[in-house]
Amino acid sequence: NESYTTAASSCVFWDTEADGGSGAWSSDSSCSLVNETSNNGSFACNCTHLTNFAVLVDSNEDKPTIPAAHQFALSIISYAGCSLSLIGLVLTVATYLSMKSLRKERPGKILINLCF
């Protein structure tokens with residue numbers, strides 16, 4: 001169980017006009033955090049409009065950063081896992097494309113469609 005402080009929490013809404021029309025979270029004065037109950041993790045926001053809104057919480061505010069040695073190990077594990085996954089995908093597609101009997105049945109067609 002983690003507890004969050006109001007300094008790490010903010011009420012925001014999705015502003016569809018922001019960022020050149022592609023939208024972004026906005027935290028102007030139209031939405032504000034009015035109540036936080038730290039014992040059960042609930043928040044209350046007061047917004048003056050009916051758009052999509054949320055409470056953004058920075059859970060990493062007081063946590064230490066990951067040491068460089070661990071970051072390196074995690075990146076190696078990530079690259080290895082992605083490489084194995086890609087190899088498995090290529091082998092699956094190659095197997096199904098080379099064997100016409102596998103492509104005739106519905107499960108084979110579904111599997112090939114899921115690969116793309």
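## How the helices meet

At what angle do helix α1 and helix α3 pack, and how far apart are their axes? In this predicted model, α1 (residues 68-98) and α3 (residues 106-115) pack at an angle of about 140 degrees, and their axes are 10 Å apart. That angle makes α1 oblique to α3, because an angle has to be over 145 degrees to count as roughly antiparallel. The crossing of α1 and α3 is left-handed.

Sorted by class, the contact of α1 with α3 has six nonpolar residues and two polar ones, with no charged residues.

## The overall layout

Now let us step back to the whole chain. The protein has five strands and three helices. Along the sequence, they follow the pattern β-β-β-β-β-α-α-α.

How much of the protein counts as buried? Of its 116 residues, 14% do. The accessible surface of the protein comes to about 9,000 Å², and carbon and sulfur atoms account for 57% of that surface. As for contacts in the protein with a separation of 6 or more, 41% are between residues 24 or more positions apart.

Asp19 sits in the loop between β1 (9-15) and β2 (24-26). Its phi is near 55 degrees, a positive value in a residue other than glycine. For background, most residues other than glycine have a negative phi. Is Asp19 buried or exposed? With a relative accessibility of 59%, Asp19 counts as exposed, since the cut-off for exposed is over 50%.

Ser26 lies in strand β2. Its relative accessible area is 16%, so Ser26 is buried; the cut-off for buried is under 20%. Which residues does Ser26 touch, leaving out those up to four places away in sequence? They are Val12, Phe13 and Asp15.

Ser29 is found in the loop between β2 and β3 (31-37). Here the relative accessible area is 74%, so Ser29 is exposed, whereas Ser26 is buried. One more pair to look for is Ser29 and Asn46: they are 17 residues apart in sequence, and 9.9 Å separates them in space, C-alpha to C-alpha.

How values were computed
Residues are numbered from 1 along each chain as its sequence is written. This is a predicted model: local features need pLDDT of at least 70, side-chain atom pairs count only at pLDDT 80 or more; totals for chains, interfaces and linings use all residues. Side-chain values use heavy atoms; hydrogens and water are left out. Axes are lines fitted to C-alpha atoms, for helices over the stretch in contact, and angles run from 0 to 180 degrees between N-to-C directions. Helices (H or I, at least four residues) and strands (E, at least two) are DSSP runs, numbered from the N terminus. Angles under 35 degrees count as roughly parallel, over 145 as roughly antiparallel, 65 to 115 as roughly perpendicular and the rest as oblique. A crossing is left-handed if the near helix is turned anticlockwise from the far one by less than a right angle, and right-handed if clockwise. Ala, Val, Leu, Ile, Met, Phe, Trp, Tyr, Cys and Pro count as nonpolar, Asp, Glu, Lys and Arg as charged, and the others, Gly among them, as polar. Buried means under 20% relative accessible area, exposed over 50%, partly exposed in between (1.4 Å probe, protein chains only). Contact means heavy atoms within 4.5 Å. Accessible areas come from the Shrake-Rupley method with a 1.4 Å probe; for residues, only the protein chains shown count as cover.
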